[in-house]
Amino acid sequence: MAELTLRTVEKRFGNVQAVKAVDLDVEHGEFIVLVGPSGCGKSTLLRMIAGLEEISSGEIMLDGRSLNAVAPRDRDMAMVFQDYALYPHMTVAENLGFALKMRDMAAAAIEEKVHAVARMLELDALLERKPKALSGGQRQRVALGRALIRDPKVFLFDEPLSNLDAKLRVGMRMEIRKLQVALGTTSIYVTHDQIEAMTMADRIVVLKLGEVQQIGTPIDIYQRPVNSFVGTFIGSPPMSLVPARRRGENGEAVLAFGRGHDIRLPPERVEALTRAGVDQVEVGLRAEHISLAEPGDADGAAFTSDVILVEEHGADSIAVVTLGEREVMARVKPGAAHVGDKARRFRLDVDALHLFHPETGRRLV
Ligand code: ATP
């Protein structure tokens, strides 16, 4: 049985439906990331799991027991907040031990646990400092330590890395994940940063306007987004969407992007379009689906464009080029394309590109 279960959980604030009928089964030890743009309801969902926000309808269960009527402090969950929520007048050691003191644990036992957690998070040398004498990264470690020390059944993270600079964020996300793997504690992590979602999650829950769009492993979601919203939200650089019209019959099909950019589709993709009964599609292209063409590449998969811009990433370069009326990104070898290059030939990976319904955005194939 799943450890944490959400059954048609909803939240209404007056007329605003912040969370709509969310179903989720979280397995023991799983690291789940709730991700979506601002206002999609991810914090509200997390706060309902924590018990900090009442649910409007539905049920939340932990190990088969309903939590609906259980107070936050009795849920056996520990939350790590974006703003750290440390007590400014207490030392690091006091901050770490506070929850245990509230539970009437003996002073010697608290000290032992504080030292164990401080060792784990490399806070040993800072135990007598107050929060204001710590860096942002150190404060975040203390906040993490306060959750770890309680040894809860579930960790809840609310955008814990948002206040850190980019480099520290990368380091901390690995540290959090390593600790979580070592402890095996079930975790729900909220972020608006799709890179955190991709790199940290066992499974990602993508939300939009209070509704779950897709639940899956990072690779599932990256490779088979259910709609163009998920496709463009997840992935870096972002997926480009280009409208195209289907031409041709008898199992043959060409995607006409405009400006003479015609691409021949493989038969199984043609069938999917026929089944869906659409002639106009939205084509989703990731940078790795477009590369510089080699001399032997078939014309049916190639198009010609000037190079508008090149971003060097070290291991590869991203070239911005034109397909039909839109700009798309191509992944090329470092130094292989330059700003202002004229009429370069690019190749589309026709087996990998995504086809979405032009109105609903639903995945066709
Ligand atoms: P962000 O990334 O900006 O924090 P979020 O995805 O976490 O956004 P929530 O904070 O969960 O989104 O908010 C979801 C929706 O519910 C928003 O439309 C928000 O305005 C609304 N909302 C949240 N809290 C309240 C409240 N107390 N009263 C009324 N509306 C609220």
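Student: How many residues of domain 1 are in contact with residues of domain 2?

Tutor: In this predicted model, 5 residues of domain 1 touch 5 residues of domain 2. On the domain 1 side, the touching residues comprise 1 nonpolar and 4 polar residues, with no charged ones.

Student: What does the UniProt record place at residues 4–234?

Tutor: The unreviewed UniProt entry places there the feature "domain: ABC transporter".

Student: How is the packing of two helices described?

Tutor: One gives the angle between the two axes and the distance between those axes. Here, helix 2 (residues 92–102) packs with helix 4 (residues 136–148) at an angle of about 30°, and their axes lie 8 Å apart. Angles under 35 degrees count as roughly parallel, and therefore helix 2 and helix 4 are roughly parallel to each other. The crossing of helix 2 past helix 4 is right-handed.

Student: Which residues meet where helix 2 packs with helix 4?

Tutor: From helix 2, the residues are V92, N95, L96 and A99; from helix 4, they are V142, G145 and R146. Sorted by class, this contact of helix 2 with helix 4 has 4 nonpolar, 2 polar and 1 charged residues.

Terms used. Residues are numbered from 1 along each chain as its sequence is written. This is a predicted model: local features need pLDDT of at least 70, side-chain atom pairs count only at pLDDT 80 or more; totals for chains, interfaces and linings use all residues. UniProt positions are given in the numbering used here, feature names are shortened, and annotations may be inferred rather than shown by experiment. Axes are lines fitted to C-alpha atoms, for helices over the stretch in contact, and angles run from 0 to 180 degrees between N-to-C directions. Helices (H or I, at least four residues) and strands (E, at least two) are DSSP runs, numbered from the N terminus. Angles under 35 degrees count as roughly parallel, over 145 as roughly antiparallel, 65 to 115 as roughly perpendicular and the rest as oblique. A crossing is left-handed if the near helix is turned anticlockwise from the far one by less than a right angle, and right-handed if clockwise. Two residues are in contact if their C-beta atoms, placed from the backbone, lie within 7 Å. Ala, Val, Leu, Ile, Met, Phe, Trp, Tyr, Cys and Pro count as nonpolar, Asp, Glu, Lys and Arg as charged, and the others, Gly among them, as polar.
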